[in-house]
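Welcome! Have the sequence and the 3D view open side by side, and let us take a friendly walk through this protein.

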Amino acid sequence: SVCLLENIIKQNQKNNRQTVVFDLSGEIKGNKLIATKDFKLPLNSSTLDYVFDRGFDDASAENRAFIQDIFSELSDYIKTIEYIPFNDFNAVIDYEFKRTQLLQLIILKNRLLQFDKQGIFAQTQKDFKILDEKLNSDTTLVIDLSRVEDSLQTEYISYVYSLLEDTVNNSDKKIYYQSFL
């Protein structure tokens, strides 16, 4: 099936069709960007929701409510900017912990440390803008999601689709979405 997909990609290149392929196994050859290595997600309102929804399932109801209050306040602010550098977000949480010594912030700090080790979120604009640039300039792009867990693959795919929708809305060229999961 990988051979068939690679042939489809080559045919689309010959016909000058823009093609985006989500590679969940890491086996497809071609013009490739690897999630967490070549590009990262911006910490914006959508990904902030992901962090809260996926990051605190095991927290007690009280701790989850406390963390939700922090995220609610941040959610209003984050709508006014493009993204928050992940290190800056961590620094704010560290500062608040040093100031208040609240146990709930330790839970949040530990979970953010796990996200940081996975290399999911952008520290700079370049970390996520490279994907947008490639989508606008390259005819074919393979997006390798093999290094991230399933729920995160969904988040990356949603982010790519949002960029593709922006490209379609700002362009006269046809874009053919092909996703082989």
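Let us begin with asparagine 63, which sits in helix α3. Helices (H or I, at least four residues) and strands (E, at least two) are DSSP runs, numbered from the N terminus. The model is a predicted one, where local features need pLDDT of at least 70 and side-chain atom pairs count only at pLDDT 80 or more, while totals for chains, interfaces and linings use all residues. Residues are numbered from 1 along each chain as its sequence is written, and side-chain values use heavy atoms, with hydrogens and water left out.

Is asparagine 63 buried or exposed? Asparagine 63 counts as buried because its relative accessibility is 12%; buried means under 20% relative accessible area, exposed over 50%, and partly exposed in between (1.4 Å probe, protein chains only). Setting aside neighbours within four places in sequence, asparagine 63 is in contact (heavy atoms within 4.5 Å) with Gln104 and Ile107.

Now for the nonpolar cores. A nonpolar core is a set of buried Ala, Val, Leu, Ile, Met, Phe, Trp, Tyr and Cys residues joined through side-chain atoms within 4.5 Å. Here are the two cores side by side.

| Core | Residues | Among its members |
|---|---|---|
| Largest nonpolar core | 44 residues | Phe71, Phe89, Leu131, Ile143 and Tyr156, those with the most contacts inside it |
| Second, separate core | five residues | Leu5, Ile9, Ile28 and Val142 |

In the largest nonpolar core, the largest share, seven residues, comes from α7.

Next, look at strand β1. Six of its six residues are buried. In a regular strand the side chains alternate between the two faces of the sheet. Both faces of β1 are covered, with Gln18, Val20 and Phe22 buried on one side and Thr19, Val21 and Asp23 buried on the other. β1 and β3 run parallel and are joined by five bridges; two strands pair if DSSP finds at least two bridges between them. Phenylalanine 22 stands opposite isoleucine 143 in β3.

Which residues lie nearest the centre of the largest pocket? They are Ile70, Glu73, Val92, Ile93 and Glu96, out of 13 residues that line it. α4 gives the most to this lining, with six residues.

Key:
On a 1 Å grid over the protein atoms alone, a cavity is a set of points where a 1.4 Å probe fits but cannot get out, and a pocket is an open set with protein on both sides within 12 Å along at least five of seven lines; lining residues have an atom within 4 Å of a point.
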